[in-house]
Amino acid sequence: MKNLSPALRLRAGLMLAAGLLLAGPMSLAQAQLSEESLAVLAGMAPGAAAPADNQFVHIPPTLEDLEASNLNPELKKVILRGYDLFTNTQQVRERYSLNDMNCDSCHMGAGRLPFSSPVWPAAVILPNYRPKNDQVNNIEERIAGCFSFSMNGEPPAYGSDDMLALSAYHQWLAKGVPVYQPGGSMYGRGFGKLADSAEKPDYHRGKATYEAKCSICHGEDGSGLKARGEVVFPPLWGDYSYNWGAGITRLFTLAGFVKHNMPIGQPNTLTDQEAWDLAQYIDAQERPQDPRYTGDVRETRELYGESFHKHTLYGLEVEGRLLGDHDNVGANKDFLKPEALRSRTFN
Amino acid sequence: MTYPSIRQAALSLCLLASAVTLNATAQTEPDLLKGQADAALCGACHQADGSGMNIPNADSWPRLAGMNADYMVQQLLDFKSGKRQNVSMQPFAQMLNEQQIINVSAWFASLPAPVLTANTDSFTAEQLARGKQLASTGDWNNYIVPCSTCHGPDNLGAGSVFPAIAGQHFGYIRDQLQNWQQDKRDNDPQQLMAAIAKRMTSDDIQAVAAWLSTQPGAVAPQQTP
């Protein structure tokens with residue numbers, strides 16, 4: 001190595017070190033990533049921007065890595081149960097998930113993919129303060145949020161077997177990431193924010209794009225597709241879809257999801273404008289009531305405006321309809337707000 | 001001599017047009033018996049029971065029994081128009097009119113799917129394991145979406161666009177994936193299949209074709225005690 005410049009020597013040394021680590025999961029700053037890891041990352045997010053120099057990169061372990069690991073066999077079983085619940089949440093339909101969604105309907109690739117809101121960050125940045133409910137949440141409460149809003153359901157009880165399995169799966173995906181690794185620097189966290197569109201997002205352009213590029217799977221009426229009674233493609237609106245309190249009702253969240261994940265198998269192929277227009281169209285459709293509903297949609301919008309609804313169309317008039325102005329809590333549901341969504345203060 | 005007024009002429013044209021439309025609607029109802037008769041044409045390759053055939057290291061003809069009727073109609077129309085290219089299928093598709101295509105598709109759709117088309121002994125354990133992975137959990141590190149994401153539970157098909165691929169012949173699945181990879185087949189909506197096929201290695205294609213060919217082509221009938 002004596003002929004190499006100090007910088008190259010450092011790089012070669014780091015690559016050697018990286019090569020000595022497990023071949024699969026990686027948690028390193030971008031400058032330390034091996035060519036192999038960069039290639040894996042590019043494979044996981046085709047067409048996405050590569051990590052910037054200052055970003056923290058983590059490639060979550062796979063099921064094969066789990067099998068090869070030396071974790072306690074009992075723990076492996078729990079993590080596998082978490083994976084199974086995550087990728088087939090419909091098995092607990094009518095208990096926890098009252099709509100037609102699975103966790104991986106939105107967190108694609110079993111929650112591992114960059115820009116598909118990978119779930120490992122939750123395991124290392126929580127407990128933390130969350131503006132959405134204005135209090136400190138732990139991982140179980142965060143998962144309960146998903147069940148209450150995105151799945152329009154009743155979360156598994158805190159400390160229950162299923163909750164343990166799901167949180168263990170999250171933590172396993174975060175293997176090797178430092179606890180409280182600052183969230184803002186994580187590569188591919190969330191769905192990725194798009195720059196503002198050149199033209200104002202347009203409902204009618206969104207409808208045209210939807211019918212050309214989305215309806216083949218999700219249906220012209222947004223009801224998704226089932227086969228032999230099982231959900232194949234999730235509904236995007238209506239009684240069996242996410243409710244008005246789900247994060248993805250925020251236009252920037254849906255636009256980021258669409259751009260970086262849709263159509264299936266073709267991430268980063270739509271233009272930013274198409275993604276914004278689609279979000280405008282899809283998130284202007286009716287869906288089950290926000291569990292935080294006070295009985296008055298405009299009041300509810302105002303109450304959760306700053307932390308949430310300023311990014312949604314809830315409580316606004318679109319195409320002559322006041323969105324969310326109804327008492328429909330969705331299919332299979334006979335309550336508005338699950339008891340798990342409780343508040344706490346340390347005053 | 002009197003001439004019909006323009007108004008009368010327009011009216012009769014409208015009546016004629018609606019009669020034609022009504023007639024066309026009536027004709028698109030499948031006629032299974034006629035379909036069965038026309039299916040004689042297909043039996044030489046696809047077999048009378050629609051189970052198709054797979055000759056190791058040679059040709060492979062897909063099973064049609066129990067496949068979605070609308071999917072088969074679309075494929076036949078695409079063979080007929082040349083949108084889907086196949087030297088053996090094109091002349092046969094051209095012999096059928098639209099009504100015959102509907103009839104013959106309905107006939108094969110009505111036949112029971114074969115339970116198993118291939119024996120696991122023909123493939124290595126490694127191949128089958130990789131094939132199972134691609135079919136049911138995918139390989140997201142290479143953005144290979146699991147087959148079942150679109151082809152439905154147990155890969156037995158979803159709607160009229162995503163056909164059953166479980167219980168399909170090895171050679172047929174392999175050849176189709178290769179065709180998509182090489183742009184020799186492009187009648188999939190929005191290149192949904194092509195995008196995935198292009199991320200697969202030759203070994204991946206062999207593996208997934210192997211696994212799917214060993215899987216049941218239909219939901220097992222309920223056992224009655």
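Colleague: At what angle do the axes of helix α7 and helix α8 of chain A cross?

Modeller: In this predicted model, the axes of α7 (residues 139-149) and α8 (residues 161-173) of chain A cross at roughly 105° and come within 10 Å. Axes are lines fitted to C-alpha atoms, for helices over the stretch in contact, with angles from 0 to 180 degrees between N-to-C directions. Helices are DSSP runs (H or I, at least four residues), numbered from the N terminus.

Colleague: Changing topic, how many residues of chain B are in contact with chain A?

Modeller: There are 26 residues of chain B in contact with 27 residues of chain A.

Colleague: What area is buried between them?

Modeller: About 2,100 Å² is buried between chain B and chain A, with 62% from carbon and sulfur atoms. Buried area is the accessible area (1.4 Å probe) lost by two parts on being put together, summed over both. On the chain B side, Asn141(B), Tyr143(B) and Gln190(B) lose the most, together 33% of what that side buries.

Colleague: How many salt bridges are there between the chains?

Modeller: The count is zero, a salt bridge being a Lys or Arg side-chain nitrogen within 4 Å of an Asp or Glu carboxyl oxygen.

Colleague: What conventions apply?

Modeller: Residues are numbered from 1 along each chain as its sequence is written, and chains are lettered from A in the order in which they are written. Local features need pLDDT of at least 70, side-chain atom pairs count only at pLDDT 80 or more, and totals for chains, interfaces and linings use all residues, while side-chain values use heavy atoms, without hydrogens and water.

Terms used. Contact = heavy atoms within 4.5 Å. Helix = DSSP H or I, 4+ residues; strand = E, 2+ residues; numbered from the N terminus.
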